[in-house]
Amino acid sequence: MFEITYEVVILLLGITAVLAAFGVIVCASPIYCALYLIDNMVCLALLFLLYHAEFIAAVQIIVYAGAVMILFLFI
């Protein structure tokens with residue numbers, strides 16, 4: 001039972017990450033593009049957490065979703 005739920009969560013996070021990446025490509029507004037990119041980075045960090053890579057998930061959130069997105073929005 002737990003394995004089916006675990007695989008479904010991984011599948012849903014993967015689909016959400018792919019849709020957010022598609023939103024980054026399609027969206028015309030830079031603000032919405034940045035929000036889609038943050039969504040993509042959070043989904044990837046959650047996938048890293050599910051695969052027991054806590055350090056990479058923390059770096060993903062701090063560096064990419066934090067610092068790079070702030071720089072992107074200010075520039």
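Me: Where is Ile31 placed?
Reply: Ile31 is placed in helix α2. Helices (H or I, at least four residues) and strands (E, at least two) are taken as DSSP runs and numbered from the N terminus.

Me: What sort of model is this, and what are the ground rules?
Reply: The model is predicted, so local features need pLDDT of at least 70 and side-chain atom pairs count only at pLDDT 80 or more, whereas totals for chains, interfaces and linings use all residues. Residues are numbered from 1 along each chain as its sequence is written, and side-chain values use heavy atoms, with hydrogens and water left out.

Me: Back to Ile31: buried, partly exposed or exposed?
Reply: Ile31 counts as partly exposed because its relative accessibility is 47%. Buried means under 20% relative accessible area, exposed means over 50%, and partly exposed lies in between (1.4 Å probe, protein chains only).

Me: How far is Ile31 from Leu73?
Reply: The two residues are 42 apart in sequence, and their C-alpha atoms are 7.1 Å apart in space.

Me: What share of the residues is buried?
Reply: Of the 75 residues in the protein chain, 23% are buried. The chain exposes about 5400 Å², with 82% supplied by carbon and sulfur atoms; accessible areas come from the Shrake-Rupley method with a 1.4 Å probe, and for residues only the protein chains shown count as cover.

Me: Which residues make up the largest nonpolar core?
Reply: That core has five residues: Ile10, Leu13, Ala17, Cys43 and Leu47. The elements that give two or more residues to this core are α1 (2-26) and α2 (30-50), and α1 gives the most, with three. A nonpolar core is a set of buried Ala, Val, Leu, Ile, Met, Phe, Trp, Tyr and Cys residues joined through side-chain atoms within 4.5 Å.

Me: What is Leu13 in contact with?
Reply: Apart from neighbours within four places in sequence, Leu13 is in contact (heavy atoms within 4.5 Å) with Cys43, Leu46, Leu47 and Leu50.

Me: Which residues make the nonpolar surface patch?
Reply: Val42, Leu46, Leu49, Ile61, Ile62, Val63, Tyr64 and Val68 make a patch of about 630 Å². The elements that give two or more residues to the patch are α2 and α3 (54-74); α3 gives the most, with five. Patches are made of residues with over 30% relative accessible area and no salt bridge, with like charges joined within 9 Å and nonpolar side chains (Val, Leu, Ile, Met, Phe, Trp, Tyr) within 5 Å. A salt bridge is a side-chain nitrogen of Lys or Arg within 4 Å of a carboxyl oxygen of Asp or Glu.

Me: How many disulfides are there?
Reply: The count is zero, where a disulfide is a pair of cysteine sulfur atoms within 2.5 Å. Cys27 is in no disulfide, and the nearest cysteine sulfur, that of Cys33, is 6.3 Å away.

Me: Is Cys33 buried or exposed?
Reply: Cys33 counts as buried because its relative accessibility is 16%. Cys27 is partly exposed, at 23% relative accessible area.

Me: What is the phi of His52?
Reply: His52 has a positive phi of about 60° although it is not a glycine. Most residues other than glycine have a negative phi. His52 is placed in the loop between α2 and α3 and is exposed, with a relative accessible area of 63%.
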